[in-house]
Amino acid sequence: MIPSIHERGNETIGLIRYLYGPGTDEEHIDPHLVAAFDPLTPDPGRDPKATYEQLQRLLDQPVDALPANRRPKKHVWHLSVRAAPEDPILSDEEWAAIARRTVAATGIAPDGDEQACRWAAIRHADDHIHIIATLVRDDGRRPRLHNEARRAQTECRRIEADYDLRRVASGDGTAAKRPTSAERHKAKRQGKDRTSREELRETVRRAVAGATSEEEFFGRLAAAGVLIHKRVAPSGDLLGYKVALPDDRNGEKEPVFYAGSTLAPDLSLPRIRRRWSDDTATHNPDEPPDRTTSPAPSGPAAARRQATTAAWQAVLVIDQGADAQVAAHIAAAGEVLDALAKTSAAHTRAELREAAFAFERATRSHVKAERGHDRALRQAARDLVYSGPALGRGEDGATTAMVIDMAFFLVTAAAHWHAKKEHAQQAAAAREAAEHLRAAYRAAAEIPLGVLYQRGQRLSQPLRQKQVAHLRRAVPELAEQVLAEPGWHALAATLADAEAAGHDPTALLTEAAGRRELQTADSVSDVLTWRLRRMAHLPADATAMPEPHTAAAKGGVVRSSPSRIDPPRRAR
């Protein structure tokens with residue numbers, strides 16, 4: 001249950017007319033009073049003799065009784081309380097009880113206070129109510145509303161328990177603004193899965209991912225097809241921006257613009273500028289990024305390999321780094337997910353998009369990010385964008401599985417860090433993103449792991465036993481679990497490939513397994529397979545490797561029947 005305290009106003013009649021009216025997009029259904037400070041309060045929704053003006057005069061009476069110079073400039077208080085989509089539809093009597101509890105908790109009308117503020121609770125939808133109150137008590141004093149938003153949240157947590165509703169994690173004020181009821185109804189009427197606010201938030205986040213300048217950021221927004229309005233000072237300095245979808249119009253047929261800061265707190269122009277303020281180089285958005293430590297990726301597969309390496313390093317920082325550094329890496333991880341969702345093939349795109357959408361909430365907390373430490377992840381996001389769309393097959397498809405596998409551990413590490421910091425909403429968002437990454441991984445990994453599974457099946461018995469020995473020496477505590485997994489054959493093939501390429505399989509496997517979060521993997525063999533192939537610079541797509549009969553002459557694999565062997569399905 002989500003309580004939202006809206007900006008205070010100075011016109012009681014205006015808010016009453018809105019709450020009882022049809023709504024911006026005709027979304028209000030049967031507006032009526034469910035509770036009020038006085039049981040005899042007129043209800044213009046159900047009583048044909050009652051008027052909006054009668055209700056307004058009743059609520060405003062304590063305000064009007066004060067001399068003009070003592071009246072508050074903004075005396076109208078407005079709270080909405082919304083149930084979760086999966087919650088049962090509550091009755092009017094239940095909403096009335098909830099209204100009384102929230103006005104008591106916030107200080108508008110404490111229990112037993114006969115001189116409290118006047119208020120009314122109006123319902124015009126199944127899932128929420130609005131409470132309007134005037135901020136002068138009957139005794140002429142002002143109410144004590146210190147921390148009323150936090151107190152409303154606390155009371156809603158109790159209401160959820162009492163009514164057996166969905167338990168919503170407590171917020172910290174860093175969440176993006178939720179779509180309004182009118183925005184949701186408008187999207188539903190237009191047949192859209194998401195509101196314009198949510199679509200624009202996603203578009204802006206993708207434009208930010210890996211960007212290094214204002215020119216590049218606004219160029220990406222323009223390329224995405226959104227309308228852009230820039231706010232410029234008389235000096236010519238850019239102060240801010242607003243965006244709109246071309247087909248989202250108001251009643252006057254004008255575009256509905258949203259400022260970046262209203263899409264999410266970290267999408268304001270000043271906050272976006274901080275992302276690249278610590279970059280050591282300025283990039284031309286029309287050219288590949290400059291590099292000092294590694295060559296530019298030659299395509300989507302190379303970009304995905306480098307993103308995997310950057311994610312691996314980020315997991316180490318999240319596990320062991322200072323809070324400010326961790327916050328920066330988690331924020332940059334969101335950019336990587338946005339870039340992956342934008343550039344991946346159709347069979348993984350939907351789940352990656354949902355993962356990025358969910359993880360957005362995990363990228364912000366009250367821990368201030370120390371920018372600059374996240375440069376490798378931001379560069380990885382940039383490389384993913386500029387390497388272009390990936391194919392769903394071959395090396396592109398296999399390295400997509402590789403990077404999703406590592407991204408899963410990255411967001412899981414973020415979830416653990418947020419949980420330790422008691423960031424409930426962020427931890428829940430990261431866990432939700434991890435579940436979407438599981439689904440994306442299953443779609444991406446099925447074919448490339450199937451190829452590796454067949455290679456492992458074709459290993460000769462002596463060579464297979466050799467890989468078992470490597471496994472037992474490197475990770476004796478995990479060996480039996482790995483050998484029992486369907487993915488063992490793919491790992492065995494990878495160990496053989498690594499040895500053929502000149503690596504020490506035992507040493508490589510020891511290094512790959514030297515991560516404590518390995519115990520959280522659904523398939524340890526899958527994780528080790530991708531890590532080994534990345535560390536040994538082996539092709540992720542094994543179909544590019546020599547055929548088994550070719551390798552047999554050099555190291556002991558035997559040719560098998562050409563018929564296809566389907567690996568058992570695995571759950572991630």
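Contact, as used in these legends, means heavy atoms within 4.5 Å. The structure is a predicted model, in which local features need pLDDT of at least 70 and side-chain atom pairs count only at pLDDT 80 or more, while totals for chains, interfaces and linings use all residues. Residues are numbered from 1 along each chain as its sequence is written, and side-chain values use heavy atoms, with hydrogens and water left out.

**Figure 1. Overview of the protein.** The C-alpha trace spans about 100 × 55 × 45 Å along its principal axes. Of the 572 residues, 54% are buried; buried means under 20% relative accessible area, exposed means over 50%, and partly exposed lies in between (1.4 Å probe, protein chains only). Among contacts between residues at least 6 apart in sequence, 72% join residues at least 24 apart.

Figure 2. Ala328 is found in helix α11. Because its relative accessibility is 0%, Ala328 counts as buried. Leaving out residues up to four places away in sequence, Ala328 touches Ala369, Glu370, Arg371 and Asp374. Ala328 and Glu370 are 42 residues apart in sequence, and their C-alpha atoms are 5.7 Å apart in space.

**Figure 3. Packing of helix α11 against helix α12.** The axes of α11 (residues 323–343) and α12 (residues 346–359) come within 8 Å and cross at roughly 155°. That makes α11 roughly antiparallel to α12. Axes are lines fitted to C-alpha atoms, for helices over the stretch in contact, and angles run from 0 to 180 degrees between N-to-C directions. Angles under 35 degrees count as roughly parallel, over 145 as roughly antiparallel, 65 to 115 as roughly perpendicular and the rest as oblique. The crossing of α11 past α12 is left-handed, a term used if the near helix is turned anticlockwise from the far one by less than a right angle. On the α11 side, Ile330, Ala333, Gly334, Leu337, Asp338, Leu340 and Ala341 take part; on the α12 side, they meet Arg349, Leu352, Arg353, Ala355, Ala356 and Phe359. By class, the contact of α11 with α12 has 9 nonpolar, 1 polar and 3 charged residues. Ala, Val, Leu, Ile, Met, Phe, Trp, Tyr, Cys and Pro count as nonpolar, Asp, Glu, Lys and Arg as charged, and the others, Gly among them, as polar.

**Figure 4. Packing of helix α15 against helix α20.** Helix α15 (residues 424–457) and helix α20 (residues 524–535) pack with their axes 12 Å apart, at an angle of about 75°. The two helices are therefore roughly perpendicular to each other. Tyr441, Pro448, Leu449 and Leu452 of α15 make the contact with Asp526, Thr529, Trp530 and Arg533 of α20. By class, this contact of α15 with α20 has 5 nonpolar, 1 polar and 2 charged residues.

**Figure 5. The nonpolar cores.** A nonpolar core is a set of buried Ala, Val, Leu, Ile, Met, Phe, Trp, Tyr and Cys residues joined through side-chain atoms within 4.5 Å. The largest such core has 88 residues, and those with the most contacts inside it are Phe359, Ile404, Leu437, Leu471, Trp488 and Leu491. Helix α14 (residues 394–420) gives the most to this core, with 15 residues. Apart from this core lies another, of 27 residues, among them Leu90, Trp95, Ile131 and Leu135. Not counting residues up to four places away in sequence, Leu437 touches Leu337, Leu352, Ala355, Ile404, Ala407, Phe408 and Val411.

**Figure 6. Two loop residues with positive phi.** Asn147 lies in the loop between β5 (128–134) and α4 (148–163). Although Asn147 is not a glycine, its phi is positive, about 60°. Asn147 counts as partly exposed, at 38% relative accessibility. Lys253, in the loop between β7 (238–244) and β8 (258–259), has a positive phi of about 65° and is not a glycine either. With 65% relative accessibility, Lys253 counts as exposed.

**Figure 7. Two buried loop residues.** Val168 lies in the loop between α4 and α5 (181–189) and is buried, with a relative accessible area of 13%. The C-alpha atoms of Val168 and Ile2 are separated by 7.7 Å, although these residues are 166 residues apart along the chain. Ser268, in the loop between α8 (260–263) and α9 (269–276), is buried with a relative accessible area of 14%. Apart from neighbours within four places in sequence, Ser268 is in contact with Tyr241, Gly260 and Ser261.

How values were computed:
Helices (H or I, at least four residues) and strands (E, at least two) are DSSP runs, numbered from the N terminus.
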